[in-house]
Amino acid sequence: MRDIDLTEGLISSHFRTLAVPAALGMLFSTLYNVVDVYFAGQISTQAQAGLAIGFQAFFIMMSVGFGLGAAMSALVGNARGKKDDAAASKLASQGISFGLAAVVLLMAGAMFAGPSLIALVSEPGAYRDAATNYFYWLIFALPAFLLAYGANGILQAHGDTVSMQRAMMVAFLANVGLNPLLIYGIPGLLPGMGLNGIALATIISQTGVMVWILYQVMGRRIMEDFNLTWLKPNLASYAEITAQMLPTTTAMMVMFVSGFVVQFALKGFGPEAIAAYGVALRVEQILLLPVLGMTGALLPIAAQNYGAGQFDRVRDALFTCWKLGFVMTFAAFPILWFASPTVVALFNDDPEVVRIGVSYLRIDGFIFPVYMMLFAINSFLQALKRPIWTLWISIYRQGFGVAFFIWVYVGVFGIGVWGVWIGIATAVVSGWLIAIVVTKRIADQKIGGLSPS
């Protein structure tokens, strides 16, 4: 099993080793979601809009999984950089224990909060009903998602991004087969479930991902003598994990709440606008995959080297990430601008859906490099154990900025759907300016600045 020392060797080589499998894993994760969007579109535009809203509500609950994964990557990565296997073992075990406790609480909360969130951003009718039923089914996928992402953070701290890649490849193939089977059924044998069949396919395939990732974690050297007593909650460990996880989790929640703000603004333009936004987000995710792989690889690289006190390598990692990211984002621009009509039409050929989806993607092309730098800054601050700043930046950009600037462009100037997209872009760019200032300040305090020593 992979167990890479990221404190030695070329930084660029480590990016290649970690980023390529991570990007491929995210590619199949995104294609997994694309399959869901495609089959929902085959059912109806109402079902596609319901899937977009239901999934958004579900991912607010899932933000704990993303935060736990980032916390494990940073904390276990720091311990491994210090060559402290005992601390790494304790943190990894307590991270799994923490995830199990969180699953119980989140599933209970989701049953009550989910329908209210969906009602807030939708109008009564077919697509709200579809979203609510889809969400209720997805609640049973929450343990799989949360524990898989949390445990994957432990693997990332070891320099292993291949295990999740393989898991998502298999999950994607399973989803391709399960979706039509469960949506349409088999006459005389299996009744069709419609949109709920997409949710059941997710439960089945993602449970497989969870089992595989946990199996890989248990095969690590630090878990060799594992027994169930290691999972007994330790309040000091829980506090350390919470301190590292909570800012990222809250920032993720803010991000997904921001998605609800956008959907709230779009609901006045009809289900076509909501469906277009859901499709455009999937296209955006596909093109961002290389960037997400690169910026995700930055976290374990920077975390291990920060733990080892090799600050020059931490700086080098950040700037290498930015340089490679600029190349990737500039390459995506012509696709977003020129190919977007064809790509959106693959998922929904309704002319109004295509028109609105294209307008989003064309604005999006201009801010791709800004997204890349923001993602890298988040990983950098997490590795330096200052994730609280990712929260404050997110609260401004996605909590305040998106709502405020959309209101200005749509509510005050009456620009329409384009005003929603321009509002998002304004929030992103202004948030990036704040993030740059914060990054310089934290770097001065923790690693002697961003300039080479």
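1. Start with helix α3 (residues 85-120) and helix α4 (residues 126-138): they pack at an angle of about 160°, and their axes are 10 Å apart. Angles over 145 degrees count as roughly antiparallel, so α3 is roughly antiparallel to α4. Keep in mind that this is a predicted model.

2. How is the crossing of α3 and α4 handed, left or right? It is right-handed. On the α3 side, the contact is made by Ala110, Met111, Gly114, Pro115, Ile118 and Ala119. From α4 come Arg128, Ala131, Thr132, Phe135 and Tyr136. Sorted by class, that contact has eight nonpolar, two polar and one charged residues.

3. Now look at α4 by itself. With 13 residues at 1.5 Å a residue, α4 should span 18 Å, and this agrees with its end C-alpha atoms, which are 18 Å apart.

4. Which residues of α4 are buried? They are Tyr127, Arg128, Ala130, Ala131, Thr132, Tyr134, Phe135 and Leu138. These buried residues pack against α1 (11-43), α2 (45-81), α3, α5 (142-157), α7 (195-218) and α9 (271-307). A handy rule for reading such a list: an α-helix has 3.6 residues a turn, so residues three or four places apart point the same way.

5. Next, follow α9 over to helix α11 (residues 351-383). Their axes cross at roughly 15° and come within 8 Å. Since angles under 35 degrees count as roughly parallel, α9 is roughly parallel to α11.

6. The crossing of α9 and α11 is right-handed. By class, their contact has 27 nonpolar, five polar and four charged residues.

How values were computed:
Residues are numbered from 1 along each chain as its sequence is written. This is a predicted model: local features need pLDDT of at least 70, side-chain atom pairs count only at pLDDT 80 or more; totals for chains, interfaces and linings use all residues. Side-chain values use heavy atoms; hydrogens and water are left out. Axes are lines fitted to C-alpha atoms, for helices over the stretch in contact, and angles run from 0 to 180 degrees between N-to-C directions. Helices (H or I, at least four residues) and strands (E, at least two) are DSSP runs, numbered from the N terminus. Angles under 35 degrees count as roughly parallel, over 145 as roughly antiparallel, 65 to 115 as roughly perpendicular and the rest as oblique. A crossing is left-handed if the near helix is turned anticlockwise from the far one by less than a right angle, and right-handed if clockwise. Contact means heavy atoms within 4.5 Å. Ala, Val, Leu, Ile, Met, Phe, Trp, Tyr, Cys and Pro count as nonpolar, Asp, Glu, Lys and Arg as charged, and the others, Gly among them, as polar. The expected span of a helix is 1.5 Å times one less than its number of residues. Buried means under 20% relative accessible area, exposed over 50%, partly exposed in between (1.4 Å probe, protein chains only).
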